[in-house]
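Here is my note on the model you asked me to look over.

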Amino acid sequence: MAAAARSGGTTRAARLDLLPRLGIRPSAGEVVNLLLEAAVGDASVRALAEGRRTTVLDAGCGRVSALRQFRSRIGEIVGMDIHGQPPGSVGHLDRFVIADLCTDPDTFAPETFDVVLMSFTVEHLTEPARAFANLRTWTRPGGALVATTVNRRHPFVAAYLDLPLDLRARLQGVVKERPEDAHPLVGACNTRRALTAGLRDAGWVDVRVSSVGHLARAWARTWPTFALGVTGDALTRGLPSRRSTLIASARRPDVPGTR
Ligand SMILES: C[S@@+](CC[C@H](N)C(=O)[O-])C[C@H]1O[C@@H](n2cnc3c(N)ncnc32)[C@H](O)[C@@H]1O
């Protein structure tokens, strides 16, 4: 069993190794790391000047976080999710809070966080405008947001979102590593234009949204799903508005007290 899991892991790694050679790069993770590097660096300088520690939020944290590799430069990593997480799975967090990003505006005090990461969570939000506004309130003036989500303008994503709910749930079971990783997709704010407008309307500034092909990576669990993902990524490689994954960065205006 352990050997099978190991060989499955190796095969997945082997599939992922093929992606740069197929011209499917950069990965969403690479772009997010660059954005977090800049955001955490800027936050660290500010915190040092103000004699305090850096505090960051992973909103919709699940069990994995790109923030953990910046651990040594962050004072406190807080995770929040609408679902509880299995015991021992969020050891990289200093604090874990169960709350709904859309409906729980009092989860954190205003101006708590220097940096907010929201990785593949926007697509699950029923009221993204309220979530963007809450995140803005919880972020310090001058603080940064980095968010990744799916793009409805990719033909496979659009086709998936047009399927009946029960079929969608069954398909998620095929590509996800574990059942607890499958969450219902809503896709209420999932085009480049809608995401940009949603963040700006909530008061975020310097909003930039780029895109990468991420289907092969997300569906690398088996060879058939990986091949479908490679096809989807290759189809949209030269079409930024249609690539599968949107990556947004934004900043809260640098004026204390503005909400
Ligand atoms: C696809 S997972 C992403 C998890 C993790 N951020 C990652 O990148 O692997 C989406 C996460 O968003 C959470 N989520 C969905 N709706 C939410 C909401 N309204 N408030 C907070 N978390 C939510 C889900 O429970 C899930 O953990």
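1. Two strands are taken to pair if DSSP finds at least two bridges between them, and the helices (H or I, at least four residues) and strands (E, at least two) are DSSP runs numbered from the N terminus. This is a predicted model, in which local features need pLDDT of at least 70 and side-chain atom pairs count only at pLDDT 80 or more, while totals for chains, interfaces and linings use all residues. Residues are numbered from 1 along each chain as its sequence is written.

2. Strand β1 (residues 55-59) runs parallel to β2 (residues 76-81), to which five bridges join it, with Thr-55 having Glu-76 as its bridge partner in β2. On to β3 (residues 95-98), β2 is joined by four bridges, again in the parallel sense, and here Val-78 stands opposite Arg-95. A residue is called buried if 20 or more other C-beta atoms, placed from the backbone, lie within 10 Å of its own, exposed if 12 or fewer, and partly exposed in between. Five of the six residues of β2 are buried, so this strand is largely enclosed by the rest of the structure.

3. β1 also pairs with β4 (113-119), in the parallel sense and over three bridges, with Asp-58 opposite Leu-117. β4 in turn pairs with β5 over six parallel bridges, and Leu-117 has Val-146 as its partner in β5. Because seven of the seven residues of β4 are buried, this strand is largely enclosed by the rest of the structure.

4. Helix α2 has 23 residues and reaches 32 Å from its first C-alpha to its last, close to the 33 Å expected at 1.5 Å a residue (the expected span being 1.5 Å times one less than the number of residues). Its buried residues are Ala-28, Val-32, Leu-35, Leu-36, Ala-39, Val-40 and Ala-43, and what covers them includes β4, β5 (139-150), β6 and β7 (245-251). An α-helix has 3.6 residues a turn, so residues three or four places apart point the same way.

5. A nonpolar core is here a set of buried Ala, Val, Leu, Ile, Met, Phe, Trp, Tyr and Cys residues joined through C-beta atoms within 7 Å. Of the 48 residues in the largest such core, Leu-36, Val-115, Val-116 and Val-146 touch the most other members, and α2 gives the most to this core, with seven residues. Leaving aside its neighbours within four places in sequence, Leu-36 is in contact (C-beta atoms, placed from the backbone, within 7 Å) with Ala-66, Leu-67, Phe-70, Leu-117 and Val-146.

6. Some backbone details deserve a check. Most residues other than glycine have a negative phi, and most peptide bonds are trans. Phe-120, however, has a positive phi of about 50°; it lies in the loop between β4 and α3 (128-138) and is partly exposed, with 17 other C-beta atoms within 10 Å. Asp-206, in strand β6 (residues 205-212), also has a positive phi of about 50°. The peptide bond from Arg-25 to Pro-26 is cis, with omega near 0°, and Pro-26 lies in the loop between α1 (2-21) and α2 (28-50).

Terms used. Two residues are in contact if their C-beta atoms, placed from the backbone, lie within 7 Å.
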